[in-house]
Structure formats: structure tokens, C-alpha cells
Amino acid sequence: MAYSELSVTSDAYLGPCLDGILAQAKKYHQKTTLFLENGWEDALLNAPMYADGHADGLLIIIPRIDTQLMAALQRRPTKLPQVLGVDSRDTSLWPEGGCSDVDNVAGAQKAVEHLIELGHRRIAAFCGNEDFCSNEQRLQGYRNALQKAGIPFEPQLLFSGEYHTEWGARNVGQLLQRFEGAPLSQQPTAVFCLCDAIAVGALTEFSRRQIAVPERISVIGFDDIPAAESLGLTTVHHDIRRVGESAVSALLALITGTPRETRRLIPAPLVLRQSTAAL
């Protein structure tokens with residue numbers, strides 16, 4: 001995995017995923033070597049080291065959409081089974097490939113359908129990193145829910161960003177600026193944040209501006225990180241530890257040639273709390 005922060009193990013996303021990987025590997029008496037890179041460019045340069053014969057298979061955790069690592073590994077004479085963790089792009093391009101991820105499309109659709117059931121029709125979306133496949137998948141779920149309810153998709157309700165808290169706060173400011181002076185009928189009444197980190201930033205900024213949640217605007221997230229419960233955030237549960245466990249199982253199935261499903265999507269249930277309300 002590529003990681004440049006201070007801690008992997010305490011990261012709200014990578015920590016539980018790593019726990020699941022290590023626990024499942026231990027269960028099946030497998031040894032785990034962890035490769036940490038500063039970026040996917042470094043990972044691409046080090047591809048020969050990963051495939052030097054000391055490993056039976058590779059777990060590639062949250063790769064960027066544009067990384068050429070998987071293709072580079074496929075070009076090597078000795079091809080290793082590979083499973084993408086927390087990533088569910090199409091793996092049909094390489095027969096040694098698999099993936100394990102949360103069901104981003106279905107989970108996001110549930111989130112937006114919940115808002116629609118509460119009477120919301122103008123639902124903004126605070127997006128994450130475009131170079132992660134989860135961003136487009138969660139946006140697809142957002143669009144699916146709107147289409148199912150007969151609500152037109154409006155590009156002006158999308159706000160670009162990254163999977164970081166500061167983008168939630170930044171996009172609250174952008175939202176208020178974009179719809180300043182607009183009739184109430186045209187203003188968003190709910191925000192779907194494509195991850196909880198964004199939602200935390202949005203909740204903080206709405207509070208700072210004395211905009212009551214959910215009385216004036218509802219906020220829903222995705223991932224159910226530990227902070228979500230204390231903040232009363234309605235969100236979609238992402239069992240990322242289970243994703244890590246499932247990634248190991250998928251990889252072992254590829255290594256042993258066991259006929260199992262190697263594209264695994266973990267269900268993403270809705271968790272109702274206090275940040276959403278009916279109009």
C-alpha cells in the first residue's frame with residue numbers, strides 16, 4: 001500500500017483493514033509481509049521486488065485508478081495472484097486477479113434513498129478523490145437513487161473534493177456561496193457525503209455557522225468510522241475489517257486454485273442516527 005501519514009494502524013480505514021488481513025492470514029497459517037510506499041510511483045518502481053519469488057500472492061490495498069502497477073506485474077515472466085483490497089474495479093483484465101470491497105453502489109443508493117424517503121428532493125453530494133474507484137461507484141449509487149425516484153440529476157449539486165475532513169468544511173462554504181440568494185425551493189435540504197471524514201468536516205462547519213443539523217439541513221455519510229456514533233451521524237456501515245479478511249480468502253483461493261468467487265462485495269447496511277430528519 002502507498003501511505004504517507006504518521007500511522008497506518010491508527011488510521012480509521014487502513015487500520016481495521018490491516019487487522020482483518022493479519023487475522024485471516026494467521027487463521028490460515030500464512031505469513032504476511034507489509035510493503036509501504038510513499039506513492040504508487042514508488043510501488044511501480046519496486047514491482048520486481050514484489051515478484052521476486054518470496055511471495056505466493058499480493059494484496060494491493062486501495063490502488064489509484066491510474067496506477068500501472070497491476071499491468072507491470074502482469075508483464076513479468078512469473079505472474080503472481082493479485083487481489084485488490086478496498087477496491088472493486090473490473091478485474092477481468094487479468095486472470096490472476098480478484099478484489100474485495102464494500103458494495104459502494106448499493107450502500108450509496110441506500111443512503112440517498114433514505115433521504116428521499118424523508119422528503120428530500122434537492123440532495124447535494126460532497127465527493128471524494130476522483131482517482132479512487134469508490135468515488136465513482138458511490139456517485140453511481142447517488143444517481144441510481146435519484147433516477148429510481150424520478151428526480152432529475154443536477155450537476156450543480158455535486159461538489160468535488162477529497163476524502164478528508166477539511167473538504168467537508170470547504171464544501172459547506174461552497175454550497176452556501178453557490179446557492180446564496182436562491183429561492184428556498186432551489187436550495188439543497190440534504191447533503192450526502194461520500195465518506196464520513198467529509199461528513200465530520202461538514203457537521204463542524206454547519207455548527208460553526210450556526211446552521212442546525214438536521215433541522216435546517218440533513219447530513220448523511222458513508223463508512224461508519226468511530227467518530228460517527230459520537231456525532232450522531234447517520235451513515236452507511238463499511239465493515240472494512242471484513243473486507244480485509246475477505247481479501248485474504250480471495251487471494252488464497254487464487255493461490256490454491258480453489259473454485260471460489262474472487263470478486264467479493266461486502267454488504268453495506270444503513271445506520272440511522274440523529275443527523276437526518278424529515279422535511
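What follows is a friendly conversation about the labels used for this predicted model and the values behind them.

User: Let's begin with the whole chain. What makes it as compact as a globular protein of its length?

Analyst: The chain has ten helices and ten strands. Its radius of gyration is 20 Å, close to the 19 Å that the globule rule gives for 279 residues, so the chain is as compact as a globular protein of that length. The C-alpha atoms fill a box of roughly 65 × 35 × 30 Å along the principal axes.

User: What share of the residues counts as buried, and what share of the contacts links residues 24 or more positions apart?

Analyst: Of the 279 residues, 52% count as buried. Among contacts with a separation of 6 or more, 70% are between residues 24 or more positions apart. As for the surface, the chain exposes about 13500 Å², and carbon and sulfur atoms supply 51% of that.

User: Now the charges. Why is the pair Arg89 and Asp87 called a salt bridge?

Analyst: A salt bridge needs a side-chain nitrogen of Lys or Arg within 4 Å of a carboxyl oxygen of Asp or Glu. For Arg89 and Asp87 the N to O distance is 2.9 Å, so the pair meets the cut-off of 4 Å. A search of the whole structure finds ten salt bridges.

User: Are Arg89 and Asp87 buried or exposed?

Analyst: Buried means under 20% relative accessible area. Arg89 has 15%, so Arg89 counts as buried. Asp87 has 1%, so Asp87 counts as buried too.

User: What makes Arg122 and Glu154 a pair that ties together parts of the chain?

Analyst: Their side chains meet in a salt bridge, with N to O at 2.6 Å. Arg122 lies in the loop between helix H5 and strand E4, and Glu154 in the loop between helix H6 and strand E5, so the pair ties together parts that are 32 residues apart in sequence. Arg122 is buried because its relative accessible area is 12%, under the 20% cut-off. Glu154 has 23% and is therefore partly exposed, a class that runs between 20% and 50%.

User: How many residues separate Glu245 and Arg241 in helix H10?

Analyst: They are four residues apart in helix H10 (residues 240-256), which means about one helical turn separates them.

User: Which residues does the salt-bridge network link?

Analyst: The network links Glu205, Arg208 and Arg209. Glu205 sits in helix H8 (residues 196-208). Glu205 is called buried because its relative accessible area is 10%, under the 20% limit. Beyond its neighbours within four places in sequence, Glu205 is in contact with Ala169 and Val172.

User: How do you know that Cys17 counts as buried?

Analyst: Its relative accessibility is 2%, so Cys17 counts as buried, since the cut-off is 20%. Cys17 is found in helix H1 (residues 14-27). Leaving aside neighbours within four places in sequence, its contacts include Ile61, Val86 and Arg241.

User: Why is Ser246 called buried?

Analyst: Ser246 has a relative accessible area of 8%, so the label buried applies. Ser246 is placed in helix H10, and beyond its neighbours within four places in sequence it is in contact with Ser100, Arg264 and Ile266.

User: Which peptide bond is cis?

Analyst: The bond joining Val213 and Pro214 is cis, with omega about 10 degrees. Pro214 is in the loop between H8 and strand E7.

Terms used: Residues are numbered from 1 along each chain as its sequence is written. This is a predicted model: local features need pLDDT of at least 70, side-chain atom pairs count only at pLDDT 80 or more; totals for chains, interfaces and linings use all residues. Side-chain values use heavy atoms; hydrogens and water are left out. Buried means under 20% relative accessible area, exposed over 50%, partly exposed in between (1.4 Å probe, protein chains only). Helices (H or I, at least four residues) and strands (E, at least two) are DSSP runs, numbered from the N terminus. The radius of gyration is taken over C-alpha atoms; the globule rule is 2.2 Å times the number of residues to the power 0.38. Contact means heavy atoms within 4.5 Å. Accessible areas come from the Shrake-Rupley method with a 1.4 Å probe; for residues, only the protein chains shown count as cover.
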